[in-house]
Amino acid sequence: MTAPALRTAGAWSLRRTLLAVLLGLTFTLWGFSAAIVYLEAGRESQELFDQSLAETGHLLLSLAEHEVQEHGASTSLVMPVAQNRNHRQYLLFQVWDAQHRLLYKNAGAPDQAFAAPADVGYSWRDNDGRLWRIYTSWNHDARLQIQVAEPASHRQEISSRFAVKLLAIGLPMAALAALAIWWSINRVFRALRRSANEVAQRTPDDLASVSVAGAPLEVQPLLQAINRLFVRVRQTREQEQRFTADAAHELRTPLAAIKTNLQVLQRARSDAERRESVTGLGLSVDRATRLVGQLLTLSRLDPQSQPPPDLPVLDLAALLAEQLPAWMAQAQRQDLLLKTALATAPCRLQPDHVLILARNLVDNAMRYTPAGGALVLACGADADGVLLRVSDTGPGIAGHLRERVFERFFRAAGAHQPGSGLGLSIVRRIAETHGASVQLDAGPDGTGLVVTVRFPAPASPPIHA
């Protein structure tokens, strides 16, 4: 399937989202920073312009005061301006005396005062449609007043040039930052695409680990989790393949016996032969039925499953006590003595599964214990948890085989009792799903077998069934 075919409703692109967020954040921060820099630079430049305007005014006032002292002034004097600079666009001034007579001005300055005589300091004035910044000051004895005017367009022109330079430097830098973000995100997602393509190109039988080389550190846990999943799938698949092969092999025996008994039944020449064939046929069907039941039980126990965290806390003794009448009757039929020692044993369990576990242990003990023997079914709690123990006086299991008997379909050499070799495999699997352990030991006198299943202690009081 192609990538578009794999998209589902509500799906979103992590790559596009990251690009949109990071690029939007970059340009937002850049614009915000540029605006702050521009406004702060404008404020600082206004202060510098005002300071320069004041210094120029005081200098001109000092020169005018000296000129009046030297030569006096009875008429207005217009000072010439050099032709190489158009000062009319940048700075105009007027010098007035205390009687509000215009003594000096430069070319371009009007005959009317820029500001009222009472105005001192900075002010803004509109003159002929143009905005001017005015500075007014008196000399120390208040005989002369200087009024210096500077057009706002001068300041705006300088601010505009600064803004152009700011954009000329900032925009390429923002573009480079956006390009770096785009390249970085694409580089990260190239590694993800490479891993995704590696998995997509595999066949269903290829469960080898995905390479984590070159993947970002943040992505490696995901790839490692996928690899662990592949390992579990591979193990499960191998187990299922073994299970299928072993099941097919084991089913041949009862099926062959059924076929043989049918052939004998067809060729039987007397009622005795027929009854013998029917009896053998029934035993073969019972064996096949038991084997199929064991296989179904084992198939339902997922090798990767774990016990639910909310299993109820039940009393194991009460659960086993419900099955005692059937086990007592079975033991009586086989001329066996079944003893019990059931003490209160609260633990977290799945009743159906634990009953299957106990039934397999009791059935195995009865099957391998000769007539006249004894079995003991016991349970109880101690400091380490809850114990379920089944012991018998049968032949037991050699020490070097006690681990192998948990393998599916394994049966010790010389085992003459009919069986599938699945009972202890089911016991261990159920124990594992409950977080329990299974241990095989010899009896107190070195004979027989003692199977001990230890369940973890519960964290809450029991709920009696």
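Helices, in the sense used here, are DSSP runs of H or I with at least four residues, numbered from the N terminus. In this predicted model, the chain holds nine helices and 13 strands.

Of the 465 residues in the chain, 36% are buried. The accessible surface amounts to about 27,500 Å², and carbon and sulfur atoms contribute 59% of that area. Among contacts with a separation of 6 or more, 64% are between residues 24 or more positions apart.

**The nonpolar cores**

The largest nonpolar core has 44 residues, and the members that touch the most others are L316, W327, L377, L388 and V453. At least two residues of this core come from each of α6, α7, α8, β10, β11, α9, β12 and β13. Helix α8 gives the largest share, with nine residues. A second, separate core consists of 14 residues, including L53, A64, V95 and V148.

Beyond its neighbours within four places in sequence, L316 is in contact with A345, C347, L349, V354, C379, V386, L387, L388 and F455.

| Strand pair | Sense | Bridges | Example of facing residues |
|---|---|---|---|
| β11 and β13 | antiparallel | seven bridges | V386 and F455 |
| β12 and β13 | antiparallel | six bridges | V438 and V453 |

V386 and F455, which stand opposite each other, are both among the contacts of L316. V453, the bridge partner of V438, is one of the residues that touch the most other members of the largest core. The hairpin of β12 and β13 has six residues between its strands, and G446 in this hairpin adopts a positive phi near 85 degrees.

**Helix α9**

Helix α9 is largely enclosed by the rest of the structure, because nine of its eleven residues are buried. Just after α9, G435 has a positive phi of about 70 degrees.

V21 lies in helix α2, which covers residues 14-71. In an α-helix there are 3.6 residues a turn, so residues three or four places apart point the same way.

Definitions and conventions
Residues numbered from 1 in each chain as written. Predicted model: local features only at pLDDT ≥ 70, side-chain atom pairs only at ≥ 80, totals over all residues. Heavy atoms only, no water. Core = buried A, V, L, I, M, F, W, Y, C linked by side-chain atoms within 4.5 Å. Buried < 20%, exposed > 50% of the residue type's maximum accessible area, 1.4 Å probe, protein only. Contact = heavy atoms within 4.5 Å. Areas by Shrake-Rupley, 256 points an atom, 1.4 Å probe, with all protein chains shown as cover. Pairing = 2+ DSSP bridges.
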